[in-house]
Structure formats: structure tokens, C-alpha cells
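Here is a short briefing to read alongside the model. Please keep the viewer open as you go through the points.

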Amino acid sequence: MGVVPEGRTGPDRVALLPADNNGAGAEGADRSPFRSMPDAERSALWRQRLHEAEAGLTRYLVSLGDQPQLAEWFALQGEIFADLPDGSAPSAQWQRLFFRGQALMERFLVRHYGEQVLAAWAASNAEVHRTVEPDHGRGAADPIRRIARQAELYGSDYEFDDATPPGPRHAALTITHCAIWDYREQARRSGVTLTLASPCTYCTHALSANIRAKGFRPAHRLRSGPTGHGCRWEAGVEEQGNDETTTGASRCAE
């Protein structure tokens with residue numbers, strides 16, 4: 001999901017594209033047909049997402065008891081939170097901070113432990129998410145609506161099922177165009193080296209873990225077509241004890 005500059009030799013630095021006033025990295029018309037969050041709510045969700053990721057990674061690293069990497073991680077935390085915006089700052093500033101932090105954390109983990117630990121990081125983040133994400137009493141609809149709110153942050157196109165709206169036992173959401181890919185492609189064209197081959201590499205682990213942490217069975221399907229990259233997400237009442245991932249893989253092809 002994050003991006004890192006090519007040819008770096010010193011401490012981690014992340015080149016980020018400017019965000020627009022709606023909090024989306026993509027150009028073009030507003031792609032939020034279902035809900036337009038106030039800017040203060042966008043800022044709060046960016047802050048919560050950064051807290052989930054940073055606290056989750058701290059939790060994961062402490063569980064490893066890896067002192068040399070912990071020392072480096074403490075130094076990296078200072079860089080992640082450098083130039084911390086004021087609490088009343090526009091959401092675009094909190095978006096840039098989130099992307100910088102996400103990129104630095106991804107690079108740190110992959111460099112030290114390999115891409116295979118991303119699922120463990122996502123699971124640790126989800127334990128934080130379990131506590132800090134409010135339960136609104138809508139059952140399976142709650143984690144799906146959280147995914148919709150994240151899609152709203154990026155300016156992605158998304159839609160709920162018309163025939164079966166989100167309910168307490170089952171809820172589904174289709175992201176028909178993922179704007180994270182737009183942001184990444186703009187970064188690539190600017191000469192930025194991407195840490196991960198696909199944003200889906202981490203995102204599918206993270207969203208699945210968040211749904212599971214709230215007590216529901218996740219299922220997802222990746223999609224790619226005329227509208228670009230996207231995905232479908234479902235949350236349901238646990239019955240079989242197994243997650244369903246209908247793609248058979250958690251990576252999008254670029």
C-alpha cells in the first residue's frame with residue numbers, strides 16, 4: 001500500500017503525492033456516490049487507522065522479543081510521527097501522514113522479516129482494531145461499513161448489494177474501482193519504487209483480520225476489468241469455522 005523512493009541510502013524516507021481536498025489520491029470526479037464524510041470525520045478515521053497499524057506493529061514486534069529490530073523500530077516511530085499535524089488540520093494532511101507511516105512500516109517489516117509476515121502484522125493490528133473500532137449494533141454490517149468508510153477515504157467506487165442490504169447476519173460490499181491503485185500508479189510514474197507488488201498483498205490480510213476480530217467470517221473476491229481493480233467483501237455469521245476466499249489467492253496482478 002505504501003511507496004518508498006528509489007535508490008535510498010540513508011534512513012527511510014517516503015515520497016508521497018499530494019492529496020486533494022476530498023482525501024483521495026486519484027484525479028477526476030467525486031467517486032463517492034453513497035456517502036460523503038465531513039472532513040473532521042475523515043481526519044479521525046485516518047488517525048484511527050494509523051493508530052491501529054502503529055500499535056499493532058509495536059505489539060507484534062514486542063511478541064518477537066527482537067531487541068535489535070525493536071531499537072530500530074523506536075527510531076522509526078519518530079520518523080513516522082515527524083511533522084505531526086494539528087488535531088484540527090485538514091484530512092489531506094492526516095492522509096499524507098498515514099501513507100508515510102504505512103509505507104515505512106511495510107518497508108521495515110519486509111526488509112527484516114520478509115513479505116510472509118504481513119499476515120501476522122495484520123492479525124496484530126486487528127487486535128487493536130477490535131478494541132478501538134466502535135460496535136454499532138448492526139452485526140455483520142458493522143465491519144462491512146468500516147470497509148465502505150475506508151473506500152470513501154480513498155475516493156473509490158463502491159456499492160452495497162441492492163437485493164440483500166447489509167444485515168446483522170450477512171453483509172457484502174463491492175469496490176468496483178479501487179482508488180489506491182490510482183495513487184500507486186501516479187507514484188510509479190513519478191519514479192517511486194513501490195514496496196509491495198500490489199496493494200492487495202497487505203490489504204486482503206488486513207480487512208480479513210478486521211472482520212474476523214469482530215466475530216464474523218470474512219470472504220473476498222478480487223476483480224479486475226473495465227472499471228479497473230476492485231474487490232468484493234462479505235462478512236457473515238461464523239458457521240463452518242473457515243474463511244472463504246474465492247480468488248484462491250490474495251494478490252492482484254498488476
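Cys231 counts as buried at 12% relative accessibility, where buried means under 20% relative accessible area, exposed over 50%, and partly exposed in between, with a 1.4 Å probe and protein chains only. This is a predicted model, in which local features need pLDDT of at least 70 and side-chain atom pairs count only at pLDDT 80 or more, while totals for chains, interfaces and linings use all residues. Residues are numbered from 1 along each chain as its sequence is written, and side-chain values use heavy atoms, with hydrogens and water left out.

**Cysteines**

- Cys178 is buried too, with a relative accessible area of 13%.
- What is the distance from the sulfur of Cys231 to the closest cysteine sulfur? That sulfur belongs to Cys178 and is 6.2 Å away, too far for a bond.
- Searching the whole structure turns up 0 disulfides, a disulfide being a pair of cysteine sulfur atoms within 2.5 Å.
- For background, a disulfide is a covalent bond between the sulfur atoms of two cysteines.

- Helices (H or I, at least four residues) and strands (E, at least two) are DSSP runs, numbered from the N terminus.
- Strand β5 (residues 216–225) pairs with β6 in the antiparallel sense over 10 bridges; two strands pair if DSSP finds at least two bridges between them.
- The link from β5 to β6 is a hairpin through 2 residues, and Gly225 stands opposite Gly228 in β6.
- Strand β3 (residues 170–177) also runs antiparallel to β6, joined to it by 6 bridges.
- Ala171 has Ala235 in β6 as its bridge partner.

**Ser208 in helix α7**

- Ser208 sits in helix α7, which spans residues 200–213.
- Is Ser208 buried or exposed? At 9% relative accessibility, Ser208 counts as buried.
- Leaving aside residues up to four places away in sequence, Ser208 touches Pro218, His220 and Trp233, with contact meaning heavy atoms within 4.5 Å.

- Helix α1 (residues 39–64) has 26 residues and reaches 38 Å from its first C-alpha to its last.
- That reach is close to the 38 Å expected at 1.5 Å a residue, the expected span being 1.5 Å times one less than the number of residues.
- Just after α1, Gly65 takes a positive phi of about 65 degrees.
- Asp83 has a positive phi of about 55 degrees although it is not a glycine.
- Where is Asp83 placed? It is in the loop between α2 (67–80) and α3 (91–113), and its relative accessibility of 69% counts as exposed.

**The chain as a whole**

- The chain holds 7 helices and 7 strands.
- Along the sequence, these follow the pattern β-α-α-α-α-α-β-β-α-β-α-β-β-β.
- Of the chain's 254 residues, 54% count as buried.
- Among contacts between residues at least 6 apart in sequence, 72% join residues at least 24 apart.
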